[in-house]
Amino acid sequence: MALADHEKRELEEIEQRLFAEDPKFAAKLTRPSVLAFLSGRTMRLLGGLLVYLCGLLVVIAGVTWSSVPVVALGAVVCAGVFAGLLFLAWRSHRD
C-alpha cells in the first residue's frame, strides 16, 4: 500500500527533526542491522544448526554422566531438528 504525498512529506519532516534533535540516535536507526542481510530461510537454518549442536552437547553430557534419559533427550532434540529441516525442505519444494 503506497503512501499519499502528504504522508510522505510528513515522514520526511519527522526524519529531519529527528536528525536535528538527536543525530546520534538517528545515525543508529539509519545503519543497517548486523543480521539484516540474512534472509529468513538462512536464520531458520542457523537456528536449527544451533539447536542441533545443543542436542549434541546434551548427548555428550549424558554419555559422560552415564545417564540414559539425558542421552535420549539429546537424541530426540537432534532428530527433531533433522525432521524439522526435512519438513521445511519438503514444504518449500511442494510450494
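Is Arg41 buried or exposed? Arg41 has a relative accessibility of 56%, so it counts as exposed, since the cut-off for that class is over 50%. Keep in mind that this is a predicted model.

Arg41 lies in helix H3. In sequence, Arg41 and Leu88 are 47 residues apart, yet their C-alpha atoms sit 9.6 Å from each other in space.

Leu46 is found in H3 too, a helix that covers residues 40–64. With 44% relative accessibility, Leu46 lands in the partly exposed class.

Now for the helix pair. H3 packs with helix H4, residues 68–94, at an angle of about 160°, and the two axes are 6 Å apart. That angle makes H3 roughly antiparallel to H4, because anything over 145 degrees counts that way. As for handedness, H3 passes H4 in a left-handed crossing.

Between H3 and H4 there's a loop, and Ser66 is found in it. Ser66 has a phi near 55°, which is a positive value in a residue other than glycine. Most residues other than glycine have a negative phi. Ser66 is also exposed, at 64% relative accessible area.

Here are the accessibilities side by side:

| Residue | Relative accessibility | Class |
|---|---|---|
| Arg41 | 56% | exposed |
| Leu46 | 44% | partly exposed |
| Ser66 | 64% | exposed |

Conventions. Residues numbered from 1 in each chain as written. Predicted model: local features only at pLDDT ≥ 70, side-chain atom pairs only at ≥ 80, totals over all residues. Heavy atoms only, no water. Helix = DSSP H or I, 4+ residues; strand = E, 2+ residues; numbered from the N terminus. Buried < 20%, exposed > 50% of the residue type's maximum accessible area, 1.4 Å probe, protein only. Axes fitted to C-alpha atoms, helices over the stretch in contact; angles between N-to-C directions. Parallel < 35°, antiparallel > 145°, perpendicular 65-115°, else oblique. Left-handed = near helix turned anticlockwise from the far one by under 90°.
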